[in-house]
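Thank you all for coming.

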Amino acid sequence: MKNIIKSLRIKDFEAHKDTVLNFGPGLNVIHGKSNNGKSASLRALELAAYGVWAAGENKKSGINGPVRIGEKFAEVFVESTRGSVYAKRGGKGINEWKITDSKGEDLDLTNPGSGAIPQAQDGLGLKSIDVAGQSIRFNW
């Protein structure tokens, strides 16, 4: 069975207050006007699968990377045919992942550090590959 990202829920992440994107088999297209959250949707998926946070974190000014202004943390939930990943990030040490694999087994991670989270990639069936020294993350 082919791996399919089934849904993406983004809460208080950049432009998204609370957005749910449902995907079907085959090609799915996200379109819209500039500055309405299309790229933020991809960054949210990148966060959940690879632990990568968007630039813009500045603790002195209270900016917490992709956390929507006025909110304390951002949440991303991704469900695929192989499993699911929930990621939560905010100021003051809020950095959590809950990963459920295709067997229904759960793994909870708190402050896993920066960089890739292999369990999340496996849970979603996503991998990164290196091409000419560059890491290509979305190979689904």
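This is a predicted model: local features need pLDDT of at least 70, side-chain atom pairs count only at pLDDT 80 or more; totals for chains, interfaces and linings use all residues.

**Core and sheet**

Let me start with Val76, which, once its neighbours within four places in sequence are set aside, is in contact (heavy atoms within 4.5 Å) with Leu8, Arg9, Phe13, Ala44, Leu47, Ala48, Val85, Tyr86 and Ala87. Residues are numbered from 1 along each chain as its sequence is written, and side-chain values use heavy atoms, leaving out hydrogens and water.

Val76 is also among the residues that touch the most other members of the largest nonpolar core, which has 25 residues, the others being Phe13, Val78, Val85, Trp97 and Ile99. Such a core is a set of buried Ala, Val, Leu, Ile, Met, Phe, Trp, Tyr and Cys residues joined through side-chain atoms within 4.5 Å, where buried means under 20% relative accessible area, with a 1.4 Å probe and protein chains only. The largest share of this core, seven residues, comes from helix 1; helices (H or I, at least four residues) and strands (E, at least two) are DSSP runs, numbered from the N terminus.

Now to the sheet, which is open and has six strands in the order 2-1-3-4-5-6, with antiparallel pairing; two strands pair if DSSP finds at least two bridges between them. Strand 2 (16-22) and strand 6 (106-110) stand at the edges with a single partner strand each, so one side of each is left without a neighbour in the sheet. Strand 1 and strand 3, by contrast, are joined in the antiparallel sense over six bridges, and Ile5 has Ser80 in strand 3 as its bridge partner.

Notes:
Buried means under 20% relative accessible area, exposed over 50%, partly exposed in between (1.4 Å probe, protein chains only).
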